[in-house]
Structure formats: structure tokens, C-alpha cells
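Take a look at the fold below.

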Amino acid sequence: MWLKLQKLLKQLTNTVFPASIFRLDSGLTFIHQEIPTTPVVVADVWVRAGASLEPKPWFGMAHFLEHMIFKGTATLPPGMFDSKVENRGGVSNAATSYDYAHYSLTTAAPYLKDTLPYLGELLLNAAIPEDEFSRERDVVLEEIRSCQDDSDWIGFQALIQSIYPHHPYGRSVLGTEQELMQQSPEAMRCFHRTHYQPENMTVVIAGGIAQQPAWEMVNTSFADFAERSNCPQFEKVAKPVITGIHRQELCLPRIEQARLLMAWLVPGVEEIRTGYGLDMLSVLLAEGRTSRLVRDLREDLQLVQGIYSSFSLQRESSLFTITAWLEPENLEEVESLICTHLDDLQTIEISEQELARTRRLLCNEYAFSTETPNQLTGLYGYYNTIAQAELAVTYPQQIKSFDAKELQKLAKQYLSPENYAVTVLKPC
């Protein structure tokens, strides 16, 4: 994978990465970009410790650990970090996905030195106390129950489970109630000390702070890592393949409209250029009133209330999805028309007008997503965690380089109207 990414970077000689990247002696990666015009500083910490690394039976552990990180260390009581940040007008947040755990701190520049050391202490030396473990597990269980009241969440989980029956990407990041009840503080400490190590960690700082003081803060705050553990290893499984049409229907009592969810398996980050092209096909199909599916199925035929397409880049295997909200009696016709559009995409050349619109929309969206320190730290940290940080700024150049023939080739290769997974939700 890394050879392919390095080759792509060498091809993009006109792209300059605006931030500085350092590898600390410990193995931690530090990325910094000064923005003198803002008084705000954002510090993001990205860890390769997502749900895809969970060994059986520790499913849900990565997300649960994200909660427990904030429950203190041997020297930092629970709540002290939040108090320090909030008393200085700052904000903190966290999230877990399949490929990463992510922690964010936003504060006025003069207060970074008063808050970043506390975040480093939490991440490196989480105590995971037993009493807090039991209380926070109840919080996570309530989060799971809340999601189970969301019909769109239920539909998507059913879809990915049918696509990835044995792969971590087919499980809920939250885990299940049964799985969480089997976990212990000792197991979580083992998972933490195995994966929250410097070679798995990227610290990104952007905003109104110069490089030298930022480097010194990171070097001090992320120095004393916990002694390394070796928890049970996750089981490597082969990437799934969809042959034919995998169909399932669910009947839900609390929905008024049906949902149609269609998905295609596409390459992971090792084929990142393919991902950029699929991003373009997603916009061409269903972003904006003049996109093909929206114009035909919603505006002209009025068969759907809403329809959108999405490409989700993941480290090992990605998804291309089309989702529609519609009346149950229109399900069969809409699915058939979507397949017809995909066939047209593969057989009829994309017009230059459509191509120009797609490029414009995606390049503008990228520009709008790189305006603030928070957006930049997220962009650099995400790319460095699943691939390489420098790839973060190649996106517009890549989008502009696609022509109609290459996009049509990608559509033929990956968006077959004969090989996909479909999940239907119907009102009971």
C-alpha cells in the first residue's frame, strides 16, 4: 500500500504541503501549521486505535475507551481536564471510527500551554478506574439504545453487516449491550497500552502559535507513554466481494416512508486515486438539483422525496452508497431506474458540462473545508492516520485531472448494476 501512495506523491510535484511534519524520537508524528491571523489554536490527536483493531470478544472497546480516557489518571482526577479547558473558554471533543480514535482541543493561543499537557496525560496514562468504568458503561449502553431508535442507523447497520459479514467494518463501532457487559477494566487497560503508543499517534496543531513553542509543548506533553502491553490480536480477514445482488428487507413499525439503501464495495486508501474518481461519480449522480438521480427521480418523476449518493473512504475497503426516501410502492421502480442510470454512466460518455460542474463543486467544497484551524487539523490528522498527511492537499489537483473516459472506466469497474448490496426498510 505504502509504495502506491509514495508513487502518487512523486507524481504530484506541483503540490506544496503547507504544514511542517516532524517525527519525534519516540516515534510520534507532529504536524504544525501557523496561522498568524487567528488567535485560536486547535490541537488534534489522532490514534490508530479504531474499532477495526478490536480482538474478539472486545467489540466496542475502542469507542468505550474513548469515553474512559476522560476519567482521569493516577495524578489527574476525573473532570479536571474538562474544568481546565472550560475555565479558559476552550472546547474539547472526541470521536471513534473503524480506523482511528480522535481527540480535539480548541482554545485561545495563550492557554494551550495550560491545557495540552492535561490532554497528553489523559491519553498516555489513562487509569480506567473500576467505579468510573461501571458508570460510563451505562452511558455507552444508553447511546446504543438511542441509536436503535434511529431507523436510518438501523438500515445502515443492516447494510454493512450484509456486506462485511466477517470483517470489522460490518460491526457497529459502539458494540452491543452483550459485548460491553463482558468487558473489564483490565482488558481495556491492555487495549489502551497496546495501541496508544507513539508510533500510532499523530498530534496536529494549527492556528496562532509559532512552530518552536508548539513543538516544545508536544515534546513535553507526549513524552511519558505507559508501559507497552500486548493484548490479544485482532483477526485478519479477507476483504469481501459482492457477487450478484445481495438483498434484504426489514419491517420497522416507527417509519412512515420506506428507505432504499444500495451499496458497492470499492477499494480502500491504497487506491486513493480511484477514491477521488468515485467521489466525482457520487456528485455527478446525486448532489444538487441538476445531478442525474435528483433531477430524474425527485424533480421530474417525483418518485422519491430525497436521494443522495456517498463515497466513504476507509483504510482497507471503502463503500459507495445510494440512499433514497420514498413510498413503498415505488421501491422496485426506483431501484430499477437507479440501475439504468448506472448502466448509462458506463455506456454514454459524460458531457463536458457535467464534468466541469462536478470539478467545480468538489474543488469548492474542499476550499470551504480548509478555512479554519479546526478543519486543517482534522484534514491532516485524518490523512496521516489512514495514509500520509501530504496527500491531504493533493485533492483539488487530482479532481481536476480526471477526464470523462477515466470516470467511465471507474464506473464500469466498480458500479455494476448487477453486483451490489441492497437493504430495504418498509413501514409495518
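## The model

This is a predicted model. Keep that in mind as you read.

Strands in a sheet pair through backbone hydrogen bonds, either parallel or antiparallel. Strand β3 (residues 40–47) and β5 run antiparallel and are joined by 8 bridges. Find D44 and you will see S104 of β5 standing opposite.

## The five-strand sheet

Another open sheet has 5 strands, in the order β7-β11-β8-β10-β9. Here too the pairing is mixed. Which strands stand at the edges? They are β7 (245–252) and β9. Each has a single partner strand, so one side of each lacks a neighbour in the sheet. From one strand to the next, the twist averages 15 degrees.

Now follow β10. Strand β8 (residues 258–267) pairs with β10 in the antiparallel sense over 10 bridges. There, A258 has L326 of β10 as its bridge partner. β10 also pairs with β9 in the antiparallel sense, over 8 bridges. In that case S312 has L319 of β10 as its bridge partner. β9 and β10 form a hairpin, with 4 residues between them.

Helices lie across these strands as well. α10 lies across β8, β9 and β10, at about 170 degrees to β9. Helix α12 (residues 331–347) lies across β7, β8, β9, β10 and β11 (420–427). The angle between α12 and β8 is about 30 degrees.

## A pair of rings

The structure holds 17 aromatic pairs. One of them is F70 with Y103. The ring centres of F70 and Y103 are 5.9 Å apart and the planes are at 55 degrees, so the pair is tilted. F70 lies in the loop between α2 and α3 (80–86), and Y103 in strand β5 (residues 101–108). The pair therefore ties together parts that are 33 residues apart in sequence.

## The largest pocket

Rolling a probe the size of a water molecule over the atoms shows where empty space is left. The largest pocket has a volume of about 650 Å³. It is lined by 31 residues, and S97, S312, L313, Q314 and Y382 are the closest to its centre. The lining divides into 18 nonpolar, 9 polar and 4 charged residues. Several elements supply at least two lining residues each, among them α10 (272–286), β9 (304–312) and β10 (317–326).

## The second largest pocket

What is the volume of the second largest pocket? It is about 560 Å³. Of its 31 lining residues, the closest to the centre are F59, G170, R171, S172 and E179. α5, α6 and α7 (177–181) each give two or more residues to this lining. The largest share, 5 residues, comes from α6. By class, the lining of the second largest pocket has 12 nonpolar, 12 polar and 7 charged residues.

Technical notes. Residues are numbered from 1 along each chain as its sequence is written. This is a predicted model: local features need pLDDT of at least 70, side-chain atom pairs count only at pLDDT 80 or more; totals for chains, interfaces and linings use all residues. Side-chain values use heavy atoms; hydrogens and water are left out. On a 1 Å grid over the protein atoms alone, a cavity is a set of points where a 1.4 Å probe fits but cannot get out, and a pocket is an open set with protein on both sides within 12 Å along at least five of seven lines; lining residues have an atom within 4 Å of a point. Grid points are joined across faces, edges and corners, and a volume is the space filled by probe spheres set on the points. Ala, Val, Leu, Ile, Met, Phe, Trp, Tyr, Cys and Pro count as nonpolar, Asp, Glu, Lys and Arg as charged, and the others, Gly among them, as polar. Two strands pair if DSSP finds at least two bridges between them. Axes are lines fitted to C-alpha atoms, for helices over the stretch in contact, and angles run from 0 to 180 degrees between N-to-C directions. Contact means heavy atoms within 4.5 Å. Rings of Phe, Tyr and Trp (its six-membered ring) pair if their centres lie within 6.5 Å; planes under 30 degrees apart count as stacked, over 60 as edge-to-face and the rest as tilted.
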